Structures are given as structure tokens and as C-alpha cells.
Amino acid sequence: MAYLDFEKPIEDLQKELTKLKEVAEKSKVDVSKSVLELELKITDVRREIYEKLSPWQKVQVSRHPERPYTLAYIEHLTKGTFVELHGDRTVGDDKAMIGGFGEVDGQTIMFIGQQKGINTKMRQIRRFGMANPEGYRKALRLMKMAEKFNKPIVTLIDTPGAYPGLEAEERGQGEAIARNLLEMAQLKVPVICIVIGEGASGGALGIGIGDKVLMLENSWYSVISPENCSTILWRTWAQKEKAAEALKLTASDMSLLKLVDGVIEEPLGGAHANPTEMFERVKKEILFHLENLSALSPENRVEQRIGKFCSMGVTMDAGEEEVEK
Amino acid sequence: MGWFKRIKEGITTSTREKKETPEGLWYKCSSCKKIHTTQEHANNKYVCSECNYHERIGSKEYFEILFDENKFTELDENLISGDPLNFTDTKKYTDRLQDSIIKTNLKDALRSAYGKVNGYDLMVCCMDFNFIGGSMGSVVGEKISRAIDYCIKTKTPLMIISKSGGARMMEAAYSLMQMAKTAAKLSLLAKAQIPYISLLTDPTTGGVTASYAMLGDLNIAEPASLIGFAGPRVVKETIGKDLPKGFQTAEFVLEHGFLDKIVARTELKEKLTLLLRLFKN
Ligand SMILES: [Zn+2]
């Protein structure tokens, strides 16, 4: 298990526990009571730490190397029925964006999401979850197919941004994302989007136009990463904590601001501490929302979806007199 | 709500004290350094007659260039931004807004107006780069959204003139969602079969490129404009070497298939008139 800097107290206790067990093994002394006490203490400390994570610490949890990625969710939810589909039919197959049909409790769902690599080699191949234009175009192709066959769409968002490469620019990264925003607004089937890790900027939004947009408790979603925000606005990398706070990028803040529709709680210690429990919670949310959304007509869904995004923004008319509240 | 008053006062002051300085007589081209009289330069739509360099201009100049006799009706001209996040970096966002309002005599980074272009009706939403780098926040999104409502109601074609560094960071996810908002609204305009012409000018990058700027029925651009999603500096860092010459210019983007045409500003009104006629007849 990899520990984050603020998890040091947990790491220390865990080491203590391991040592205690080793000693017991050698000396054959019964330490079960001490073990139990230590385990309870670890849970307490973990709870204490996780109850008051700062925005920047949540960003760290969202990037935890053992945090489950998109395919892990899909594989668990679809129990061996997932068929991954490849290619944008124009340029190639982007490994940073995956998608395909799978069955959840007898219901066929089109899953789409950015995929981060699980080891050094795969991280390169999947470009750390940063999709090229053909990734967004593959996503759109699959969404249109889902619409054609009247299957709901679930997107899982986990990206540090769209890939800022030379070929990405040549092949129209901006156009690819823009097209997805426009087309997703009009999709006739239910669309649920869940930010499972990082939701950075247009790269995240490019698969993020849903009837329900949900965030995992320790995920983040904003116009820019805290590091890049710090670099641009404070002209130094060092203000990332401050930037993370200012951006209001946590699930709870985004939900309070009504920029997303809900938060899915993570198990104690984050999604990586108990992936199976996390997958089950996500499944429950998907099925719950699909049932509600299926009760609406396609026209209704599209109207509400567009209406929701169009209501986002805070402006006022300076020509009018100030109204006392 | 204290800052709202301040902003209002800022606006009043800026209008009252609007300085009537005599126009400078000379304009020196920042590309070829040739000197023109400002009158000549304005007559040539702020394009250098020597080297074709298109000086960056704002909504005031574009409206003047496009609308017959500079007559137009502006929508939502008093719409200003809120500060829902109470955002502060090295400066409070509300101070930044107020300073920009006073400095530019604009309320935000986009103005929308309808009028006639050689007799053809057109709604023009035009970005102003001088206002916080032409960044897209709630006001830009809301004005485009309302302009599209007007276009749908009156069957008026739409043109958006983009000139922007992208989303406005001080509005964080609100600015991000303006991409969703404008794209969703454009999907309604498309369903109503009303033409949308996107004019991309120097520079058009980031979230603006990744939303309305690239969604025109026709995407046209001014010559040599910088157009891209990621900024050139970021792309350079990613690939770890120098960028090829002409990378992310309008000509490059045309060559790669994302623009219909490059149109010089001196011919903009004429070409636009023809396009509006072709859509109409
Ligand atoms: Zn010149």
C-alpha cells in the first residue's frame, strides 16, 4: 500500500502492527488483544484524517496510484459481459479513452471513459488518461451507436486533461471536444457521467454532458488543475494548496454550487482502501438514476439536460437598481 | 453585495470621465514597422496596407466594420459578472473586474448586437480581448445563450467573433460549464436550421476553441491568427522540441481541415454578405 504524505500517522501505526505480528510469530506469545487494539486505533486515526481532508489532500487521493480506474469499475459491474470496442473509424484507436457495451443486472449499458495505465508501460500507452481527438471521436461514435439501439450511456471521467500534443492539435482537439459537447446535449438516451478521479477542464467535459453528473467524494472537477492554476495566477507552482481551495473543485463544493448533481461517498480511506465496496456504491447509484431517467420521455430528458447546463453561471444586470434581500 | 455597488460606481465613473483624447495621428505597424496615418489605418479596417498584418481590434471596431452605417441594437449591455466563489488570487476577482470595467469601458469580454449587414439581418456576438484576456466566464456564456434565444425567435443568423485566451480561471468550474452551455444552445440553433458563422481571430485558444468557436456551420478565420486548443508553450513542453513553423496559424488549421476559409478583414463584410445571401436564397 502506498501512503500519501498526510497519511504518515496511519503508515506508522501500520508498521507497528506488522512488527507486533512478527514478534508474536517468533515468540509464540498471544498478542491478539494488542493487535485488535492497534487495528481499532488505525481505523480511528484514518477516520480522523479523512474526515477533514483539505481540497488539496483530496486532489492527492484522487491521484492515488492504487485508486481504481475506469476499466476496474466496468469489469466489476458487468461481470464478464463487457465487450470493449475500438477505433474512431478515421484515424486510429486511442488507448486513453475506452468504451464498449456491457450488462449490469440484465441491462445493456454503453460504458465510456478515460483510462489511466496501471503500470509504467501502460501509463505511457494510455498517456496518463489524456485523450487525443480520436479518443473523443471514438467516444462520440459509441454514444451515437448507443442512441441508435436505445441503450443508456455511462461515462467515467478520470483525466488530467486532453492531450496537449502536436498531432492532437493537427487533428483538431478543440473541434473534437466541442463536437462532443454539442452532440451529447442532444442524445435521446439517458446519460450518466461520474467523475471517479480527476476531472480536468475540457478534457473531462468532453464526455461530461449528462442528465446526471456525479462525483466520487475524493474526486475533483474544475477548469484547470490546482498546479497549473497556481502557475498561471500566482506565477509559482507553490500555491497549489491555495489554488485547490480557491477553485472549489471538490465534490462537496461542486455539489453545493449545483454544478454537479450529487456526490457518491467513498469507503473510509478512499476508493482504493476498499475498491469492491466502491464499485458496489457506484453500481447502486447508476441503477437508481437509470430507473428515474428511464421514466422520462427522450424529449423531456434532452430539455432538462440542456436547461440544467444553461442555468449555470452567475451574472447580474448592472443597469437595474440593487434589490435589498 | 458591497462590491456590486462598487462595480456600479466604477461603471458610472468610467462613463462620466470617458476621456475625449484627440486620436493619435500615426499608427506604426507592429509587424513591419511601417507608419500609416490612423485614418488610413482605420479605413483599411485596421489591417496594415503594407504587410497585411491584422491589428487586434475589439467589438466596437467589428460592429463598425460589419453593421450598415454602424447601426445596431445591443443586447444585455449591462450584464456583469457575479463572484460566486469569492475568488482571490494575487488580487480579488471583484477588483479585477472593476479595474477592467474602468480601464476598457466594457462590462465583460463579449458584446452581442443585431443589425443589418448590407441589408441582411445578422446577430453578432463579438469578444473583446482587452477584457481579462478575452476570457470566457458566466457573462460571455449568458450573453451568447440569450443571443441564440433571440436568433431562434426571430430566425436571425448568428455570427460569433472569437478572440480569447480561453476560460476565465477566476470563475473556475462556472467558466468550464459555459462551454457546455454555449454548445447546448448551439445544438438548439442547429435544430432550428439557423446558420451560424464562427469567425476565429487572433488569438482563439483553450475552452473557446473547444466549444463555440469550432462549431460553426462555417468556420472562417482572419489570416495568420493563432488558433488552437492547447497553447503553443504547453505543446512545446509536451513534445520537448521546437514547434514547426506556422504551427497553429489559421493557415495551418485550414490545411488540416478545420476551417472553411480564411478571409481578410478588408473583405469580411463583402464575403459575409454573399454567404448570408447564399444561405437565404
Ligand atoms: Zn505592416
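Predicted model: local features only at pLDDT ≥ 70, side-chain atom pairs only at ≥ 80, totals over all residues.
# Notebook: a look around chains A and B

**Helix α10 of chain A.** I began with helix α10 (residues 226-234) of chain A and looked up its buried residues, which are A:P226, A:C229, A:S230 and A:L233. They sit on the same side of α10(A), because the arc they cover around the axis is only 100°.

What covers the buried residues of α10(A)? I found that the cover includes α3 (55-62) and α11 (240-246) of chain A. Just after α10(A), I noted that A:R235 takes a positive phi of about 60°.

**Domains of chain A.** I then checked the domain assignment, which gives chain A a domain 1 (5-52) and a domain 2 (60-310). Between the C-alpha centres of these two domains of chain A I read a distance of 36 Å.

**The sheet in chain B.** Next I traced an open sheet of 7 strands in chain B, with the order β3-β5-β6-β7-β8-β9-β10 and mixed pairing. At the edges I found β3 (72-75) and β10 (261-262) of chain B; each has a single partner strand, so one side of each is left without a neighbour in the sheet.

β3(B) pairs with β5(B) in the antiparallel sense, over 4 bridges, and B:L75 has B:S112 as its bridge partner in β5(B). β5(B) and β6(B) also run antiparallel, joined by 8 bridges; here B:L110 has its bridge partner, B:M127, in β6(B). The hairpin of β5(B) and β6(B) has 2 residues between the strands, and in this hairpin B:N118 takes a positive phi near 45°.

Is β5(B) mostly covered or mostly open? I counted it as mostly covered, with 6 of its 8 residues buried.

In β7(B), B:I161 is the bridge partner of B:C126. I also saw helix α3 (residues 59-66) of chain B lying across β3, β5 (110-117), β6 and β7 of chain B, at about 165° to β6(B).

**A closer look at B:I194.** I picked out B:I194, which is in the loop between α6 and β8 (196-204) of chain B. It counts as partly exposed because it has 19 C-beta neighbours inside 10 Å, and a residue needs 20 or more to be buried. Leaving aside its neighbours within four places in sequence, I listed its contacts as B:C151, B:I152, B:K155, B:P157, B:L158 and B:L189.

**Where the chains meet.** How many residues of chain B are in contact with chain A? I read 57, in contact with 47 residues of chain A. Several elements of chain B each supply at least two residues of this side, among them α1 (2-16), α5 (138-154) and α6 (172-191). The largest share, 16 residues, comes from α6(B). By type, the residues of the side of chain B that touches chain A divide into 32 nonpolar, 18 polar and 7 charged.

My last entry is on strands that pair between the chains: strand β9 (residues 315-317) of chain A and β4(B) run antiparallel, joined by 3 bridges. There, A:D317 has B:L79 of β4(B) as its bridge partner.

Technical notes: Residues numbered from 1 in each chain as written. Chains lettered and ligands numbered in written order. Pairing = 2+ DSSP bridges. Contact = placed C-beta atoms within 7 Å. Axes fitted to C-alpha atoms, helices over the stretch in contact; angles between N-to-C directions. Nonpolar A, V, L, I, M, F, W, Y, C, P; charged D, E, K, R; others polar. Buried ≥ 20, exposed ≤ 12 C-beta atoms within 10 Å, placed from the backbone. Arc of directions from axis to C-beta. Domains from an automatic or database assignment.
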